[in-house]
Every structure is written in structure tokens, then in C-alpha cells.
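Subject: Structure handover

Hello,

Here is the structure we talked about. Please open it alongside this note.

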Amino acid sequence: MARVKFLCDTDRCIECNACSTSCKNEHEVPWGMVRRRVVTINDGHPGEKSIAISCMHCTDAPCVAVCPVSTLYQTDIGVVLHDKDTCIGCGYCFYACPFGAPQFPRATLFGSRGVMDKCTYCAGGPEENGSQAEFEKYGRNRIAEGKLPICAEVCSTRALLAGDGEVIGEIYRERVLARGFGSGAWGWKTAYYPEEA
Amino acid sequence: MTDATHGSPASGGSGRQSFAAYRIAGAVAAVILLALLAIQVFEIFDGDNHTVPEVRWGVPPVSGEQTGDSSLVASSILRERATLQGPRAEFGPSPNAQRTFQVGSETQLVEEPIADPDPFLTQEWSNPSDEELAMIRGTDRVEGVSSLPYTGAEVFERPFARDWRLGLADFATHLGALAILGFAFLLALMLALRGRMPIVRGKSERKVQRFGLIERTTHWMTSVSFLMLALTGIVIAYGDTLILPFGDGVLGQTGWLATWGHMMFFPPFAIGILAMFVLWVRHNLPSKLDLNWLAKGGGIFSDDVHPSARKFNAGQKLIFWSVILGGGLLVLTGMLLMFPFWILSINAMGWVMLAHAVVAVLMIAVILGHIYIGSVGMQGAFWAMWTGKVDRNWAAEHHDLWLEEIDGKKGAAR
């Protein structure tokens, strides 16, 4: 069985923000919200690295565990999806998310925070696959078409990899062997193996 | 209505009453609550607090016939696609490419609910292979800079968030259920074993004014808004257990109402807390009498023990101060949460949210005790806050010094 993940090769990411931009465009994400962002660590210093980060579709996803209604759910390939029709905008998933992925329309008061939006791994939501309603609420459903998330498929340096964890892990390891160095899979411990020391 | 037990089957005229019906109702409630407590304790230890996939991907049947395992086919489609991200010498625009991208194929994957979600998958995912273990890095880099203009865009990781989940989903939720059910069980048990506390000398049918209109209005405004805040809070905290069986949509609708209601009942509650403090604080300062009252257990163990008290006894003072301090804390933390990012950072808001949840469930348990003693637990007590007038014998038994005080005042006025 496939278990899809994201892997960002920080030795390759050039902070072009094409992943964020193409994501916003593909899903027509509203103003003020962003599903994928690029963070630069040690900016302007030796060892500067950039990483594209979004919802990592965690193992034992904390957002699903704390959701007081049944908005968040996980699928058998690991993708965490949300149901905008039941979301009450409480923000618990935001407190529980280790990657700051859940987004709310312009934060105001408890109760008027609006419904949550987050990365769907380009897998839509509970509406019928490929329907207009699904597109308006969750964006395009590329998984249903047998494709992978646009952010990874558009990445010009192939820093951002998406797909089955074993397959992209193998691609990354071959790459590290060929070039002789690698910074490892950032965020994987928090997202996929929280129990590992 | 002049009789505190009017219409109740146990009401057998004036004089000392046994209130047998109250004992039976208490026993029934105690049994039910004990069963609920047992379920709650089992929930802590049943080890199902891991997130489990509820939906699976598959392929639609070809011409009505399902061929092979639909999930495996879906998996292999996605695996195949992932290999296209390998070296360009093998795939993609290289002239030597062995494969080409397949775009716009007929493939359509579909989702369907898993009838019986299996926790095994989550456990399997949490075990890294040796190769994966070698790739994992520590979580020392948590924040950087981002050129994107969004709140929190510079955050890479917040490993603390996983602990927050334990704090809310495991600690606060279970603690709350244990506190509320456990305390309700003790009260029901007390009603069954101890019985309703009667007015020992019977009703005198002579009334004395205990609470004025302003005191009663303040009390009921605060209590109604507290009840609504508690109920809406319980929907948010326990809706997954209590309302989800009625359907996702019902939970979503109730949750939405609860979210709004929780905010709308906050102003009367906050004003009520403030007003109660102003009205009653001078009667609630601790005194030596309270030690005596507490030493005798407030006379709760015997009908014939009645430690002296002024307007409020030590038990009432404890309720007063837990409402002022607990309620005040709830108002304060609630207001901080109503304005996200105005004052606090995301981590600080996480802690404030946990404090709000823990104080709230404990307050619900405390108020259950208050409601008990003010209604079914003691004959004659309810009327103090409803009509404002209490029976003289009740007042003489429970608030002897206060009765003398107001009698003295009346005498002086004459």
C-alpha cells in the first residue's frame, strides 16, 4: 500500500516560490491564505537553507485527533482532508498542527473565524470527485486523476518530492549517494515518526 | 407556592420527612453514573487514541466488474506516478528517456468510507525502515524567514503542537469527563445514602426575606449564562462522543450553534461575575466561624447538627470564591482566545486554551454540587434564590447568626 509523503531536498530548494504560487493558482486559494510556503533558515548566513512546507499529512495526525466536530479525516494513503460543511472555525487544529498548516480567513473573533482551509494533497474533499462544488471548496482533485500534487510536479529543481514515501525516499537516497551529501528529510520526524528519538 | 416540596410524592405535610422518592431517584442516578464512569475509565486505557484512516482510495470497477484489490491498484497508480520525479536521464525531457509522462489518462481514483477502520495502518506508518531512520533529522530548526506576506509564514516546525494535542485530547478531555461524572456520581450517592436534608423542626410557615431582587437577578443571569456556556462548551469538547452518533451534519450544525452561543453568553456571564463580587464579597470574607463549620462538615452527616453561620456559611463561601476566581479566569482566558494574535503568540494561545478547558470542566463539577445542595439536596434551600423568602425554621437551622442579625435590625427599627 502506498503511503504518500512530502520530502523537500533542502540542498536543492532555491526559494523560487513556484510551489506556493502554483498551488494558489491551481486551487484558487482565497486572499490571505496560503497552503504551501517557503521558509528560509539562517537567511544570509553560512548554511542557509530553504524548505517548502505545507501540511505534511502526518502519521497519527494531531489535527484529526483534536477536531471537535468530524471535519478532519485521513485516508488510507495518509492524506488528511477536511470537510468545510461541518467546520466550526474553532482553531484547535491550528493549535495542534506542528507545521502551522491550517489557514483561516482573516482572523477575528472566536465564532467568526470562518472555516478552515489547508493543503489537500491535491485530493479535493468529501464532495464528488472533479465536481464544481469540490473545486470551489477544496480546489482541484489531481489524485483522482492519478496525478500527484502540483507543487511537487511543478518544482523546477525537483527539490520538492511527493508520492509514496518509499519511492521518493529511494529517489532522494540515490541523489544523496550521487552527489555525496544530503541534509536529510526535514520535518519527517515530527510528521511521520513522532515516537522516534 | 409556599411548600418547597409541593407536588413531590415525598411531600407528606409539615414535620420531618423521609423523602424516600429522592433516595430512590438518587440510587438510580448513581447506578447510571457509575456505568458511565466505568465506560470513561475504559476509554482512557483502551488505546484507541491514535488517528485512524476512515476513507480509502480505489479504482472504479471496469464495466461494472471489480478486478483485483481496488486499493492496491490505486496505490500502484500513485507509485508509478511518483517514479516520474526520478533523474531526468531516465524520465522526462531527456532524449534518452525510457518513459514519457502520461498526462490526461483515463485513470480515475475514487474514495469510499472504510466500514471498520483499522488502527494497524497507523502503527505500520509510525515504524520507519532503516533507510528512513537514517534520513530523519532532529527538530532544531523551527523558524526562519519567508518572502510570503502571511501571518506565521516564517514558521517551519512547531513540535510543541504534538504535546498540545495530548494536553487537549487526552488530558483535559478525560480529566473533565472524570471530574463531571465522578462528582455527579458522588452527589447521587449522597442523595441515596444520606437522603434529602429536611427542615428538622418542620416548616413554620413564617417567611423571612433572604435575597433581594437585585441579588436574585444577578444570580439567575449568571447561572443561566453559565449553564449555556457549559452546554455549548460540552458540545465543543464532547460532541465527538455525544452528538456524532446522530451524524456528521448534525454535529457540524450543533457545533456551529455552540461556537456562536459560547461567544454570545459570555457578556452576561462576565457582568454577572462582577456584580456578584460587588454584592456579596463583604459577606464572604473568611472568619473563625468557617473553621468550626468545616470541622463539623457543615452538618451534612446528621440532620441534628447545625454549625452556626452568618449570611453565608463556609460551603457557600467556597462556592462564591471558586465562582469569582474560576469564572474570572474563564472570562480572562476566553477573552484572550476571542482575539487571536492580538496579544498572544500561537504557543501562548495553546497554553491559554488548555487552561480554559481544564478550569471550565472543574467549574462545571463544582457548580453541579452547588445546584445539588440548592435544589434536591436540601429542603427549603431553593426558595431563597427563587422567591427570595425562606422559612424561619430553615433560616434558624442553617443561618442562625444571620437570622438573629436581621431580627435585631428589625427590632431596632421598631
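Below is what was found in it.

This is a predicted model: local features need pLDDT of at least 70, side-chain atom pairs count only at pLDDT 80 or more, and totals for chains, interfaces and linings use all residues. Residues are numbered from 1 along each chain as its sequence is written, while chains are lettered from A and ligands numbered from 1 in the order written.

Two helices of chain B

Helices (H or I, at least four residues) and strands (E, at least two) are DSSP runs, numbered from the N terminus. Helix 5 (residues 160-193) and helix 11 (residues 346-374) of chain B have axes that come within 9 Å and cross at roughly 5°. Helix 5 and helix 11 of chain B are therefore roughly parallel (angles under 35 degrees). Residues in contact have C-beta atoms, placed from the backbone, within 7 Å. B:Trp164 and B:Phe183 are among those on helix 5 of chain B, and B:Leu354 and B:Tyr372 among those on helix 11 of chain B. By class, this contact has 19 nonpolar, five polar and no charged residues. Ala, Val, Leu, Ile, Met, Phe, Trp, Tyr, Cys and Pro count as nonpolar, Asp, Glu, Lys and Arg as charged, and the others, Gly among them, as polar.

Where the chains meet

Chain B gives 78 residues and chain A 77. On the chain B side, helix 7 (residues 248-264) supplies the largest share, nine residues. That side divides into 38 nonpolar, 24 polar and 16 charged.

Strands of chain A

Strand 2 (residues 36-41) and strand 3 of chain A run antiparallel, joined by six bridges. A:Ile41 stands opposite A:Lys49.

Best wishes

Notes
Axes fitted to C-alpha atoms, helices over the stretch in contact; angles between N-to-C directions. Parallel < 35°, antiparallel > 145°, perpendicular 65-115°, else oblique. Contact = placed C-beta atoms within 7 Å. Pairing = 2+ DSSP bridges.
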